[in-house]
Amino acid sequence: MATSRSEDEESLAGPKRGPATPAGTVPKRRSSSRFIKRRKFDDELVESSLAKPSRAKGGPEPPPRPGGGAVGGGGGAAPEPPPGDRKKVSRAVPPPVPPGPPPALPKRLKKGKPSPAPRDLGRWKAADDLLLINAVLQTNDLSSVHLGVKFSCRFSLREIQERWYSLLYDPVICKHACQAMRQLHPEAVAAIQSRVLFSKAEEQLLARVPSSPMPSLDTFQDLLQRHPAVFYPARTPKALQLHWQLLRQYHLLQDQTVQPLPKGDQVLNFSDAEELLDDSKLRDVRDEVLEHELTVADRRQKREIRQLEQELQRWQVLVDSITGMSSPDFDSQTLAVLRGRMVRYLMRSREITLGRATKDNQIDVDLALEGPAWKISRKQGVIKLKNNGEFFIANEGRRPIFIDGRPVLGGCKWKLSNNSVVEIASLRFVFLINHELIAAVRSEAARLGHQ
């Protein structure tokens with residue numbers, strides 16, 4: 001019975017000792033094509049299935065498997081079990097496990113979510129936190145800290161309260177703040193400690209120092225040595241002297257008294273105080289140099305005004321911005337109007353020049369006020385009014401001027417009529433004629449012609 005066990009049963013029973021393989025040879029190993037591999041069971045099952053047809057046809061037996069041998073150590077192959085036994089063995093094989101997601105980690109191995117970064121860590125600097133802590137420990141009053149401490153940013157009282165409570169009760173903010181404060185340079189820490197507010201106990205000791213005679217630094221040094229538990233450890237005699245001078249300036253020393261306000265009918269109102277003032281003492285001393293400069297400036301301004309008044313008659317074109325209001329296009333002095341989308345140019349002389357104004361070239365109609373004029377020549381054209389009441393435009397630029405869609409090349413001219421569309425380098429205008437004034441011009445020209 002022991003020699004009749006099949007190879008499948010041997011594979012279930014585990015590897016057994018077999019004949020030793022020759023030295024220098026590598027045993028051949030077959031791998032399964034299944035994507036879930038169980039090395040011992042699958043390999044042995046494939047080898048046994050491949051070995052059956054070779055034995056049935058009388059072929060040579062398969063080579064011994066590494067680590068496996070014949071039953072009882074004899075080196076021979078075991079007889080094949082009957083089909084019923086193979087079915088039993090194959091039924092005992094557990095089905096392959098389908099692929100799926102890897103099993104979830106236990107709770108104790110799961111990575112925790114990163115805690116959100118506090119919003120105010122960027123605005124509150126390490127120096128601000130150190131100054132806030134020392135100031136609160138000195139005064140025990142957040143309102144006094146808000147009024148007396150100068151932080152790197154202007155914080156409101158509510159922001160200071162929230163920051164103080166965060167340092168006390170928020171472990172994340174407290175941890176980051178402590179790490180940042182430990183990285184401060186010793187000189188920066190000393191500078192911050194020198195700006196710490198004075199406590200009430202410190203100010204009471206300083207107020208006892210008499211206001212006269214002026215105390216020296218030795219007096220404040222002696223005060224520090226006599227009261228080391230009251231004063232902040234970073235206090236110096238010079239700092240005490242400066243603060244004492246502030247107390248003296250505001251009459252906060254013990255030997256200083258502030259005169260009370262008068263009571264009863266002796267209280268002065270604004271009108272009584274005004275009557276007591278001496279106007280002669282309030283008059284400024286006459287400054288002749290200043291008066292001379294003011295006189296010269298006044299003369300210069302008057303001269304400029306007179307020059308502008310003289311140039312009013314020489315103005316040829318008036319530029320008016322177009323608004324939503326319907327204003328009349330003509331007046332008693334306007335011969336014609338070149339109306340654009342943004343502005344309108346009022347023609348008030350018989351000849352005007354069109355183009356692009358520069359520092360060295362002044363023209364009557366600056367087309368740059370209407371839109372982009374970098375393609376327009378500095379002197380693009382001239383509009384003239386003849387004695388017969390007809391308007392002509394002459395092109396003196398490089399680019400053509402389109403009149404009602406017809407191009408007028410450089411050196412040519414064209415007659416303008418009422419409601420003519422003038423297009424210059426993608427800028428469009430409508431030419432409007434004041435017929436009443438033109439009729440008057442024609443009659444005047446006819447009258448002069450008859451004479």
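Trainee: Which residues in H7 do Arg163, Ser166, Leu167 and Tyr169 in H6 meet?

Mentor: This is a predicted model: local features need pLDDT of at least 70, side-chain atom pairs count only at pLDDT 80 or more, and totals for chains, interfaces and linings use all residues. Residues are numbered from 1 along each chain as its sequence is written, and side-chain values use heavy atoms, without hydrogens and water. Helices are DSSP runs (H or I, at least four residues), numbered from the N terminus, and contact means heavy atoms within 4.5 Å. Those four in H6 meet Pro171, Ile173, Cys174 and Ala177.

Trainee: At what angle do the axes of H6 and H7 cross?

Mentor: H6 covers residues 157-169 and H7 covers 171-182. Their axes (lines fitted to C-alpha atoms over the stretch in contact) come within 6 Å. The crossing angle, taken between N-to-C directions from 0 to 180 degrees, is roughly 95°. That makes H6, relative to H7, roughly perpendicular (65 to 115 degrees).

Trainee: Within what arc do the buried residues of H7 fall?

Mentor: Ile173, Ala177 and Met181 are buried (under 20% relative accessible area, 1.4 Å probe, protein chains only). They line one face of the helix, because the arc, seen down the axis of H7 and taken from the axis to the C-beta atoms, is 60°.

Trainee: Which exposed residues sit on the face of H7 turned away from its buried side?

Mentor: Exposed means over 50% relative accessible area. That face carries Pro171, Lys175 and Arg182.

Trainee: Which helices are included in what covers the buried residues of H7?

Mentor: H6 already meets Ile173 and Ala177 in H7, and both are buried. The cover includes H6 and another helix, at 126-139: H4.

Technical notes
Helices (H or I, at least four residues) and strands (E, at least two) are DSSP runs, numbered from the N terminus. Angles under 35 degrees count as roughly parallel, over 145 as roughly antiparallel, 65 to 115 as roughly perpendicular and the rest as oblique.
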